[in-house]
Amino acid sequence: STDGRSVHLAPSDYGSADPRVYTGPLNWRPDGSEVLAGVRTPDGFAAARVNVSSGEIVPLWNDDDLPPGSYTDARWTSDGAAILAAMEDRVIRIQPETLGTQTLLDESASLLPRRAQQLSNGTLTFAAQPADQSEGAWRLYLTAPGQEAPLPLTEPLVDGGAIEFLWGESEPEAVIVAYDAPDAAYGTPYLLDAEGALRELTPILGLIDAPSWGP
């Protein structure tokens, strides 16, 4: 913390009948009160809210609509009011207190979304590959309120690998890193500027050996 203290918030549990291992990724609630932490459970990936003041842990799953393994990643919305989760073929918005869900992207889009983000104006962005092939080309997509179908913001960036991205806080720009394989240590960095132009950053930044690229 800012005063130099180190606090063990959420110890992993390896040996009980219901083991929970905190693996990340970690995502701060915008007001700084909580961390959303990835959890490995016997039934698959899930997430939990960890209060940084009290240490209280609130699971982001239940036995009905949100069992462990039903979503692949989760993060806070930019206003901290809800949590976005990418499921196999959809993106949902989760109310943190009640675990009520709202579908923002459904299976009719025929996409496999990952790493969904929602901007302050309600626009949904996510990385996705086509649903009709298990290893397809990854693009960055955008869906604005009232828009009927997701709009691809980039040409295919990598086939069968992975992409990560991070939107700017004040400008409609994104930093994107494309990996040739899901477990690749290094990727190719891009900037998607406010005019929609995609610019590879390697000629500007040079080749990177360490640390690996990632926004």
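Student: Is L99 buried or exposed?
Tutor: This is a predicted model, and in it L99 counts as buried, because its relative accessibility is 13% and the cut-off for buried is under 20%.

Student: Where does L99 lie?
Tutor: L99 lies in the loop between β7 and β8, the latter strand covering 101–105. The backbone there has a positive phi, near 65 degrees, in a residue other than glycine.

Student: What about S110, and what is its phi?
Tutor: Phi of S110 is near 55 degrees, again a positive value in a residue other than glycine. S110 is placed in the loop between β8 and β9.

Student: Why does S110 count as partly exposed?
Tutor: S110 counts as partly exposed because its relative accessibility is 44%, and that class lies between the 20% and 50% cut-offs.

Student: Which peptide bond is cis?
Tutor: The bond from G24 to P25 is cis, with omega near 5 degrees. P25 belongs to strand β1.

Student: Let us turn to the packing. Which residues of the largest nonpolar core touch the most other members?
Tutor: The core has 17 residues, and those touching the most other members are L36, L60, Y71, A74, I83 and I94. At least two residues each are supplied by β2 (34–41), β3 (44–51), β5, β6 (83–86) and β7 (91–94). The largest share, 3 residues, comes from β3.

Student: What does L60 touch?
Tutor: Not counting residues up to four places away in sequence, L60 touches L36, A47, A48, Y71, A74, I83, I94 and L99.

Student: How many residues are in the second core?
Tutor: The second core is separate and has 13 residues, including L157, V158, I163 and W167.

Student: Now Q118. Where is it found, and which side chain does it make a polar contact with?
Tutor: Q118 is found in strand β9. Its side chain makes a polar contact with the side chain of R93, at 2.6 Å.

Student: Why is Q118 classed as buried?
Tutor: Q118 is buried because its relative accessible area is 14%, and buried means under 20%.

Student: What else is Q118 in contact with?
Tutor: Leaving aside neighbours within four places in sequence, Q118 is in contact with T77, S78, L84, R93, L104, T123 and L124.

Student: Take T77 from that list. Where does it lie, and is it buried or exposed?
Tutor: T77 lies in the loop between β5 and β6. At 3% relative accessibility, T77 counts as buried.

Student: Which residues does T77 touch?
Tutor: Beyond residues up to four places away in sequence, T77 touches P30, A82, I83, L84, R93 and Q118.

Student: How many residues apart are T77 and L124 in sequence, and what is their distance in space?
Tutor: T77 and L124 are 47 residues apart in sequence and 9.9 Å apart in space, C-alpha to C-alpha.

Student: One more topic: what is the volume of the largest pocket?
Tutor: The largest pocket has a volume of about 1,100 Å³. It is lined by 40 residues, of which N27, R75, Q117, F165 and L166 are the closest to its centre.

Student: Which strands supply the lining of the largest pocket?
Tutor: β1 (21–28), β5 (73–76), β9 (111–118) and β14 (162–167) each supply at least two residues of that lining.

Student: How many lining residues are nonpolar, polar and charged?
Tutor: The lining of the largest pocket divides into 21 nonpolar, 12 polar and 7 charged residues.

How values were computed:
Residues numbered from 1 in each chain as written. Predicted model: local features only at pLDDT ≥ 70, side-chain atom pairs only at ≥ 80, totals over all residues. Heavy atoms only, no water. 1 Å grid on protein atoms, 1.4 Å probe; cavity = no way out; pocket = protein on both sides within 12 Å on 5 of 7 lines; lining within 4 Å. Points joined across faces, edges and corners; volume = space filled by probe spheres on them. Helix = DSSP H or I, 4+ residues; strand = E, 2+ residues; numbered from the N terminus. Nonpolar A, V, L, I, M, F, W, Y, C, P; charged D, E, K, R; others polar. Core = buried A, V, L, I, M, F, W, Y, C linked by side-chain atoms within 4.5 Å. Buried < 20%, exposed > 50% of the residue type's maximum accessible area, 1.4 Å probe, protein only. Contact = heavy atoms within 4.5 Å. Polar contact = N/O pair within 3.5 Å; in protein donor to acceptor, adjacent residues only side chain to side chain.
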